[in-house]
Amino acid sequence: MRNKSYRDFAINQYGAVEQSDGSYVDREGNITWYNDAGEWHREDGPAVIKSDGEIYWYFNGREYKFAEWLIELNKTDEQKMLLRLQYA
């Protein structure tokens, strides 16, 4: 996406609205989180939760499998274990 962030695209094309937790919910019910650059990004859960329940793990715009995403995080082993218990 040239000169436009994914966040801006979601807002303009899908009516995404920012929520109090920093996520955006679009008119189809998809929930997404972004970094300051507007890339999909989240450090405490999946960055994309589709309305059909599918989830996607992103860190600074790059998609990862869950285990790979955990490695990228700057979190303690205890924090990572809690994320494993919550999402794996």
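Reply: Helices are DSSP runs of H or I with at least four residues, strands are E runs of at least two, and both are numbered from the N terminus. This is a predicted model, so local features need pLDDT of at least 70 and side-chain atom pairs pLDDT 80 or more, while totals for chains, interfaces and linings use all residues. Residues are numbered from 1 along each chain as its sequence is written, and side-chain values use heavy atoms, with hydrogens and water left out.

Me: What makes up the secondary structure of the protein?

Reply: There are 3 helices and 6 strands.

Me: Why is Ser-23 called buried?

Reply: Buried means under 20% relative accessible area, exposed means over 50%, and partly exposed is in between (1.4 Å probe, protein chains only). Ser-23 has 3%, so it is buried. You'll find Ser-23 in the loop between β1 (17-18) and β2 (24-25). Its C-alpha is 9.4 Å from that of Val-48, though the two are 25 residues apart in sequence. Across the protein, buried residues are 33% of the 88.

Me: And why is Phe-9 called partly exposed?

Reply: Phe-9 has a relative accessibility of 30%, so it gets the in-between label. Phe-9 belongs to helix α1. Gly-38 is 29 residues from Phe-9 in sequence, with 9.3 Å between their C-alphas.

Me: What makes Asn-60 stand out in its phi?

Reply: Its phi is positive, about 50°, although Asn-60 is not a glycine. Asn-60 sits in the loop between β5 and β6 (62-64), and a relative accessible area of 41% makes it partly exposed. Gly-61 is in the loop between β5 and β6 too, and with 37% Gly-61 also counts as partly exposed. Gly-61 and Tyr-6 are 55 residues apart in sequence, yet 9.2 Å apart C-alpha to C-alpha.

Me: What makes a space a pocket, and which element gives the most to the lining of the largest pocket?

Reply: On a 1 Å grid over the protein atoms alone, a pocket is an open set of points where a 1.4 Å probe fits, with protein on both sides within 12 Å along at least five of seven lines; lining residues have an atom within 4 Å of a point. The largest pocket holds about 300 Å³. Its lining has 16 residues, and Asp-26, Asn-30, Thr-32, Trp-40 and Lys-50 are the closest to the centre. α1 (6-14) and β5 (55-59) are the elements that give two or more residues, and α1 gives the most, with 4.

Note on methods: Points joined across faces, edges and corners; volume = space filled by probe spheres on them.
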